[in-house]
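Please look through the sequence and the structure below before reading on. The paragraphs that follow take up a sheet, then an interface, and then a pair of helices.

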Amino acid sequence: MRIGLTILFVALLASPYLFRQQLRARDSASDSDPSAVMARYGFHLVEISKKAGIDFVHRAPVLDAKLEHIMPQVASMGAAVSVVDFDRDGWPDIYVTNSATDSLNALYRNNHDGTFAEVGQAMSIADVNRSGTGVSMSAVWGDYDNDGYEDLFLAKWGRPELFHNEAGRGFRKVSVEAGLPAWLNTNAAIWLDFDGDGLLDLFVAGYYPSEIDLWHLSSTKMMPDSFEYATNGGRKYLFRNLGSGRFEEVAEKVGLKNKRWTLAAAAVDLRGTGRPDLFVANDYGVSELFINDGGRFREVSKESGIGAAPKSGMNASVGDVLNEGRFAFYVSNISEDGILIQGNNLWMPISTNPALPKYENLAGSFGVELGGWSFGAQFGDLNNDGTMDLYVTNGYISLDKSRSYWYDYSKVAGGSSTIIHDAKNWPAFNGRSLAGFQPKRVWVNDGRGRFSEVAQSVGVTDRYDGRAVALADFWNRGVLDAVVANQSGPLLLYKNTTDAARNWIGFDLEGSRSNRSAIGAIVTVYWNGQKQAQTISGGVGFAAQNDRRLHFGLGSETRIDRIEIGWPSGQKQTIAQPQIRMVHKIREPV
Amino acid sequence: MNTRVSASAETGDPAMAVDPSRMPVPDLPVQAASSASRFKLFSLENPYFVPGFITLILITGHLSFGILESLSRTVLAIGFSIALELALGRLVLGRWIHPASAYISGISVGILIRAPMFWPYALCAALSILSKYVLRYKGRHLWNPSNFGIAAILFLAGESVGSLSIQWGNHIWAMLVIWSLGALIMWRVRRLHITATYVVSFVLFALMRSQFSGTGLESELAPLTGPMYQLFIFFMITDPKTTVQSKRGQCLVVFMVALVETILRMNEVIYAPYYALFLVGPSALALEIWWTSHKASEHRQSLPDGKAFSS
């Protein structure tokens, strides 16, 4: 008996090592042959930013000297990217933010020939980080005045800016006329039409409290008061569009309260009401879900299951993971081998009760849980097989590769609020890395509830500190490419090649009764007994926005039964058997 | 009759618990007969006392802050621990073991490790319980079961497992409540000197580290104010079955734990307290068992012929 127990004991001790070896063997086997990779996964990505004429490198902010010792940590965000067709030429362009004082943002216009040209300065939306006005953190596009051209909201640690698109020929700053506040410290901003009046409203959530000027601190007591239950972050703002270019702040009035450290938000109609519900991912705490009851929000975070288990929410993505016509949310968190295993969350819908949708975190069983220090993530059918894959970028601070800040970080993070709240108690970084140089994650969906991680195999091999990722068909070829903004690193453009035999279909929607950007519209494609839903977002992921055009992979299917469009106005539209392998421009019936 | 056979915090040693005659070391110090002979509600002699207290912490923490990411994972750890203990007790010892010890091991695993998967909870619980039956010296197990299981899984499966570090909200009042309650209970069960010695040692070494490394004292003291340490100083280092007998020895051992922890901390080992206890506790206990056995043997040899086995 004793010998048997000893053998069992040793076997259990050895089991993690043996399991790890088995996984490594499987992963290395999958990397070996490029043609086998294409045959196996159906796509391959190549980083071509230089070749495409993009040479943007993000610069991090430099804040008050009182924070000098932990500057890499407190200035660790700001690299954002959004996709927009600002000049309505039918080709997606790229807007990318910079975050050092006096640094320039960039707008890359698509030249239609595989290259891009920087036009941000000429269009007056590049020089937006001047001293005393704060620096850029995120940018989202939406046609707030329904003139047919996408306008730009720039979220900053500083003065938020709204730029009106002058018919694709330039931009005019209209922040003051719009009635925006003088200062916010925000990373999360999305366009949505929360009250269904056909005018895009703007949700903005603070990270640091808006009373703080990070360049002129009166006190070093500006860090979170808890690492999982912090309540001293920024407040939420909801700017209701009054028409005629003016906005009214109504957050508290419509039920959006709480001071959390928000990093991301996503809006989607979860219950078929025609009104977008609101999902908010918070750092240092739980995520939040607000149900839209006819223009008033009701928080159902706990009841829905989403408000359990506080983590470090840094991303909010929306995707129909199982082709059910229902949306899941993906929230990125922190996982570091041997130190902190929070695991990312995949909130899958488990109840369609219109009064109270319920969710369960199935990231573990779906295999999309461990993504390092994850930031931006996007769902999209990267291999055109008819299921939504997942692209996750990650990596926090890559400085000296041989020295880590993790020990000091974990030491202080576990301390009482009086200690962690004060930045002066945090040990100096001294050039060390914290969760840096991380391999990215590209998860391929098998459609049956399991994802496989294939990033290294399919060509996503960079190790920059990734922040924002956005997906778009940049060359109008019927495939989704990826653009990635890295903190203190280059903007990367991954060009996708898919198995040519796989089919696809795209939709470019324009609202009439609804907001003209059609933000909030849901398109459901039905084929061969299954269906997939996608929504047009006014900002999704972390500091990112995908192309407004929706892209559906179809695999080997050559025929679609029908599509259904749920417009934000509440109108439903059905189109039978649309032609595949093309982008359909659809205007909302009047 | 030795009072150490009674159930206690992470009781640990099933062989001793069910069969006092199997005590390998004669003439171990006997605690006050008066306290041992009477069943007291707030004492280590009450097998439900410490499990009750740790359960209270768990429930309070979960209801106030939701410290358990998943109740089902904690239930798995507890259930697995108890089931394994019962099975092994039956198979190895031929009788049913009181589940209090396994319950504490399971609940400690459920609180102290964090993993998004289920298997680490089961594996950690299994290692904790099995360590009591496999890693024995002169008939006694040496490691605090959950300390063994947690240290082992953090070391061997670090890519999948972390430890509780920032639950409990970082709020000072929650810490004060647990410290006060914990101190009161440790005083009541006469083990406060162990906790106090460790805390004083930690503070002294924190001062030293601060001076040596140039980091602020607050950051060196920060871990002590976190929830992990509240469980560590009240439940792990005070486990009667895996601490040495004498009061002075107990203080010396936890001082050594703090010293080794400081050495590990100087080398930036994140889970320094677990590993320090893992290294120091069993070494001290093994040394004590060996020394006591050696002295007893000498004593027997010094007796006149025929007297050695007379008692």
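In what order do the three strands of the open sheet in chain A lie? The order is 37-33-40, and the pairing is mixed; strands, like helices, are DSSP runs numbered from the N terminus, with at least two residues (E) for a strand and at least four (H or I) for a helix, and two strands pair if DSSP finds at least two bridges between them. Strand 37 (550-555) and strand 40 (583-587) of chain A are the edge strands, each pairing on one side only, and from one strand to the next the twist averages 20°. This is a predicted model, in which local features need pLDDT of at least 70 and side-chain atom pairs count only at pLDDT 80 or more, while totals for chains, interfaces and linings use all residues. Residues are numbered from 1 along each chain as its sequence is written, and chains are lettered from A, and ligands numbered from 1, in the order in which they are written.

Within this sheet, strand 33 (residues 503-510) of chain A runs antiparallel to strand 37 of chain A and is joined to it by five bridges. Trp504(A) stands opposite Gly553(A), which lies in strand 37 of chain A. In general, strands of a sheet pair through backbone hydrogen bonds, either parallel or antiparallel.

Turning to the interface, 44 residues of chain A are in contact with 43 residues of chain B, a contact being two residues whose C-beta atoms, placed from the backbone, lie within 7 Å. On the side of chain A that touches chain B, at least two residues each come from helix 1 (2-30), strand 21 (340-341), helix 6 (363-366), helix 7 (406-413) and helix 8 (417-420) of chain A, and helix 1 of chain A gives the most, with 10 residues.

Chain B itself has 13 helices and four strands. Among the helices, helix 5 (residues 100-112) and helix 6 (residues 119-134) of chain B have axes that come within 10 Å and cross at roughly 140°; axes are lines fitted to C-alpha atoms, for helices over the stretch in contact, and angles run from 0 to 180 degrees between N-to-C directions. That angle makes helix 5 of chain B oblique to helix 6 of chain B, since angles under 35 degrees count as roughly parallel, over 145 as roughly antiparallel, 65 to 115 as roughly perpendicular and the rest as oblique. Where they meet, Ala102(B), Ser105(B), Gly106(B), Val109(B) and Gly110(B) in helix 5 of chain B face Tyr121(B), Cys124(B), Ala125(B), Ser128(B) and Ile129(B) in helix 6 of chain B.
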